[in-house]
Amino acid sequence: MSQYWSAVVHGLTPYVPGEQPKLPDLVKLNTNENPYGPSPKALQAIAAETSDHLRLYPDPNGDSLKLAVAAHYGVTTQQVFVGNGSDEVLAHVFLALLKHDEPILFPDITYSFYPVYCGLYGVEYREVPLDADFAINPDDYHGPNGGVIFPNPNAPTGRLLPLDAVAAIARHNPDRVVVVDEAYIDFGGDSAIRLIDQHPNLLVTQTLSKSRSLAGLRVGFAVGHPDLIDALERVKNSFNSYPLDRLALAGATAAMNDNAHFEHTRQAVIATRERLNAGLAQLGFAVLPSAANFVFARHPQHDAAQLAAALRERAIIVRHFKHPRIDQFLRITVGTEQQTDVLLAALAEILAV
Ligand SMILES: *Cc1c(COP(=O)(O)O)cnc(C)c1O
C-alpha cells in the first residue's frame with residue numbers, strides 16, 4: 001500500500017541493525033553487547049521505580065541522569081544532553097548541528113547509521129577514505145565542510161585516534177561542529193570530553209549500551225558547550241518531551257554512579273580482548289589494533305563470509321560487512337572468557353578442514 005507513503009519515506013534507506021536471533025544457546029558476538037550484566041545497583045533502581053510511579057510522566061529533562069554524567073566527567077549539567085540511546089542523540093545532532101549547506105565529512109569505513117541520518121534529514125555528505133591501515137588521517141578533515149563526525153575508537157575497525165589528533169580536527173574546523181561518537185571509548189581511550197572547554201565546537205556522544213551493559217535500556221548522552229546542548233534540547237522538545245522513561249532514568253543514573261562495577265567489567269573485557277587477539281594471531285589472522293570491545297580481523301587464506309557461515313553452523317555469530325574494502329574482515333565482539341574459548345576452538349577446527 002505504498003501509495004500512502006510520503007515522498008520522504010520512498011527515498012529512505014533504513015539502517016540494518018545486527019541480527020538479534022531468537023535461538024537459545026547462541027554464542028552471540030555480532031552486536032558488541034557487553035557479556036557481563038549491568039550494575040546490580042541499576043537493576044535495584046529499576047525495580048524500585050517499578051511501582052505506582054509509572055502512572056506519572058518521567059522528568060522531561062532527565063536531571064538525575066544529567067547530574068550523574070556531569071559528576072562522572074567533571075562538567076556542568078548545562079553541558080549534558082541525554083537521549084533514548086546514543087542513536088537518538090545522534091539523530092538530533094544531524095538535524096540540529098550538522099545540517100548546513102556544505103557536505104559533512106565522515107570516514108568511508110565507519111558507523112553505517114551516519115549516511116542513514118543524512119538521508120532522513122537531507123544532509124549532504126562526503127566520505128573520507130581511511131588510510132591503508134584503516135586509520136583516520138586528521139589532515140583529511142581540513143577545508144570547507146558542513147561538520148565532521150567519526151567514532152573514536154572507530155567502528156567497525158576498533159582503531160583509536162589519539163586525543164591530540166581529535167583536538168587538531170576541532171581546531172581546524174572552528175566554524176563547524178566536530179562530533180566524536182565515543183560509543184567504545186571506555187574500552188581503551190581517553191574521552192575528548194576533557195577538550196570541550198577549549199573547543200566550543202566539539203561535541204562528544206556516548207552510550208550506556210556497551211561499557212555499562214545496558215543496550216536493552218536505550219540510554220545515551222552528549223557532552224559539549226551549552227550552546228550545542230541547547231540546539232539538541234530544541235530539537236528534542238520539538239520531537240518527544242519524554243524520550244527517557246522512568247525505568248531508564250532510574251537505571252541509567254544508578255549505572256553512572258556505580259564506578260566499581262563499571263571498572264571491574266570493563267577491565268575484564270579489555271583483558272579478554274588481549275587474549276582473543278593473541279588467539280586469533282596464533283590461528284594466522286591479521287587483527288587490527290583495537291581499543292574497543294570488539295576486534296576486526298581477517299585471515300589471509302580464508303574468505304571472511306565463508307568463515308562467518310561456518311561459525312554460524314556452530315551456533316556462533318559474528319558480524320561480516322559486504323562493503324568492498326572490508327569484506328574480508330570479521331568483526332568479533334569480545335565475549336566472556338568461555339565464549340572466547342568456544343570461538344577460538346571453533347575457528348581452529350574450521351581452519352584445519
Ligand atoms: C552501538 C553504537 C551506537 C549506538 O548506541 P545506542 O546508544 O545503543 O543507540 C552509536 N555509535 C556507534 C559507533 C555504535 O557502535
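1. Quick ground rule before we start: a residue is called buried when its relative accessible area is under 20%, and exposed when that figure is over 50%, with partly exposed in between. Keep in mind that this is a predicted model.

2. Let's take Lys210. Is Lys210 buried or exposed? Its relative accessible area is 16%, and the cut-off for buried is under 20%, so Lys210 counts as buried. You'll find Lys210 in the loop that links β7 (202–207) to β8 (220–223).

3. The UniProt record, an unreviewed entry, lists Lys210 for "modified residue: N6-(pyridoxal phosphate)lysine". Setting aside neighbours within four places in sequence, Lys210 touches Asn32, Asn34, Ala183, Tyr184, Phe187 and Asn293.

4. Now the ligand. Lys210 is one of the residues around it, and the others include Gly85, Ser86, Tyr111, Asp181 and Arg218. Ala183 and Tyr184 are also in that set, and both of these are in contact with Lys210 as well.

5. Which polar atoms sit by the ligand's oxygens? Thr207 has a polar side-chain atom 2.5 Å from a ligand oxygen. For Ser209, an N or O atom of the side chain is 2.6 Å from an oxygen of the ligand. Asp87 uses a polar backbone atom instead, at 3.0 Å from a ligand oxygen. On its own the ligand has 390 Å² of accessible area, and the protein covers 93% of that.

6. Gly143 and His172 are 29 residues apart in sequence, with their C-alpha atoms 8.0 Å apart in space.

Definitions and conventions: Residues are numbered from 1 along each chain as its sequence is written. This is a predicted model: local features need pLDDT of at least 70, side-chain atom pairs count only at pLDDT 80 or more; totals for chains, interfaces and linings use all residues. Side-chain values use heavy atoms; hydrogens and water are left out. UniProt positions are given in the numbering used here, feature names are shortened, and annotations may be inferred rather than shown by experiment. Helices (H or I, at least four residues) and strands (E, at least two) are DSSP runs, numbered from the N terminus. Buried means under 20% relative accessible area, exposed over 50%, partly exposed in between (1.4 Å probe, protein chains only). Contact means heavy atoms within 4.5 Å. A residue is near a molecule or strand if one of its heavy atoms lies within 4 Å of it. A polar contact is a pair of N or O atoms within 3.5 Å; within protein, one must be able to donate a hydrogen and the other to accept it, and residues adjacent in sequence count only if both atoms are side-chain atoms. Accessible areas come from the Shrake-Rupley method with a 1.4 Å probe; for residues, only the protein chains shown count as cover.
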